[in-house]
Amino acid sequence: MRAGTVVRATALVAACVVATTTAVSAYLGDIPFDVSPVPMISDTFVHAPASYVARAGIGAVACLSLVITLTVRSFLRAFACEDGSRKDAALWRRATDVHSCVGAAAALALSVVAAVNDRENLAAHFAAASVFFVGTWIWHLCVFVQLCAHPQVTTPASLKWKLGCVVASGVSLAFFFAMCGVGVARFYEPIAACEWLAVASIGGFTWSLGAELDGDCGEAETRETRRAGALFRGSSREEASPSAGRGMSLGSVWRGRAPDENQLLDVLVAS
């Protein structure tokens, strides 16, 4: 199975789960529309049968998100660490490991969000949701920066989309936490709107990773992409693309490119 398929399926499952819980909660009258026309997403996870859908669906999304994080780590270490210098490559590999740990922690926090709704334990639910939102944003930002530094594995269109998602989620989360600090009851509707925007932006970024993981970006690389990479590195020299047509596929084994690596990964480099 192509890794890009898993990424897109995860985004679709998450969207379907939230749409289902919202529709069911609205139909049964469990959403306080008399208070606000825009409910908190977590408020749609509280009452049965929507709570059953949320526990199973969001739990599955959390597991798939962990798989995505590890797959993106493998992809970046394979194709987005080499800069012509062994020292630089080692630094990029370490950076990849660090921000991948942040992404994995965010995925695990999402499983807690699925297991504990805000009526059962508000403190635990909010803490887990905060780790998920902030951790995912940090991971997305780091992935975006690394792709900018290695444009041979992406395209300007993909980078622009990712930048928009990172900015939108970052701004919405900043307002979300600021208003939560002042008072949820006072700013319930704008807080809920920020939460919806943050979730949509996270989903959009996740979906866009499918292009890189499937190798579509390498095949579509243009002179503009190479020029963007040169400018990012502070050089006017345009570099060739060694990675055209490469992507990832789940369920196989691949050994690291570096001479000192001999690790087994759950991905296969497909050319």
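Why does T10 count as buried? I looked up its accessibility, and T10 counts as buried because its relative accessibility is 3%. Buried means under 20% relative accessible area, exposed means over 50%, and partly exposed is in between, with a 1.4 Å probe and protein chains only.

**Entry 1: ground rules**

I noted that this is a predicted model, in which local features need pLDDT of at least 70, side-chain atom pairs count only at pLDDT 80 or more, and totals for chains, interfaces and linings use all residues. Residues are numbered from 1 along each chain as its sequence is written, and side-chain values use heavy atoms, with hydrogens and water left out.

**Entry 2: the whole protein**

I listed the elements and found 8 helices and 2 strands. Helices (H or I, at least four residues) and strands (E, at least two) are DSSP runs, numbered from the N terminus. From the N terminus on, the order reads α-α-α-α-α-α-α-α-β-β. Of the 271 residues, 48% count as buried. The protein exposes about 12500 Å², and carbon and sulfur atoms supply 66% of that area. Accessible areas come from the Shrake-Rupley method with a 1.4 Å probe; for residues, only the protein chains shown count as cover. I then turned to contacts, where contact means heavy atoms within 4.5 Å. Among contacts between residues at least 6 apart in sequence, 72% join residues at least 24 apart.

**Entry 3: helix α1 and T10**

I went back to T10 and placed it in helix α1, residues 3-28. Helix α1 has 26 residues and reaches 38 Å from its first C-alpha to its last, close to the expected 38 Å. The expected span is 1.5 Å times one less than the number of residues. I wrote down the buried residues of α1: A3, G4, V6, V7, T10, A11, V17, V18, T21, T22 and S25. An α-helix has 3.6 residues a turn, so residues three or four places apart point the same way. After α1 comes G29, whose phi is positive, near 80°.

Which residues does T10 contact, leaving aside its neighbours within four places in sequence? I found V61, L64, S65 and I68.

I checked L64 next, and it lies in helix α2. L64 is partly exposed, because its relative accessible area is 28%. Leaving aside neighbours within four places in sequence, L64 is in contact with V6 and T10. L64 and V6 are 58 residues apart in sequence, yet their C-alpha atoms are 7.8 Å apart in space.

**Entry 4: the loop between α1 and α2**

I looked at two residues here. P49 lies in the loop between α1 and α2 (50-79), and the peptide bond from A48 to P49 is cis, with omega near 5°. S42 is in the loop between α1 and α2 as well. S42 is buried, because its relative accessible area is 11%. Apart from neighbours within four places in sequence, S42 is in contact with D118, H125 and E195.

Helix α6 (residues 188-213) has 26 residues and reaches 38 Å from first C-alpha to last, close to the 38 Å expected. G215 follows α6, and its phi is positive, near 80°.

How do the axes of helix α4 (residues 122-149) and α6 cross, and within what distance do they come? They come within 11 Å and cross at roughly 35°. Axes are lines fitted to C-alpha atoms, for helices over the stretch in contact, and angles run from 0 to 180 degrees between N-to-C directions.

From α4, F132, F133, T136, W139, H140, V143, F144 and L147 meet E195, A198, V199, I202, F205, T206, L209 and E212 in α6. By class, this contact has 11 nonpolar, 3 polar and 2 charged residues. Ala, Val, Leu, Ile, Met, Phe, Trp, Tyr, Cys and Pro count as nonpolar, Asp, Glu, Lys and Arg as charged, and the others, Gly among them, as polar.

Is H150 buried or exposed? H150 is buried, with a relative accessible area of 0%. I found H150 in the loop between α4 and α5 (156-182). The C-alpha atoms of H150 and L76 are separated by 9.3 Å, although these residues are 74 apart along the chain.

V184 lies in the loop between α5 and α6. V184 counts as partly exposed, because its relative accessibility is 37%. Not counting residues up to four places away in sequence, V184 touches M40, M179 and I191.
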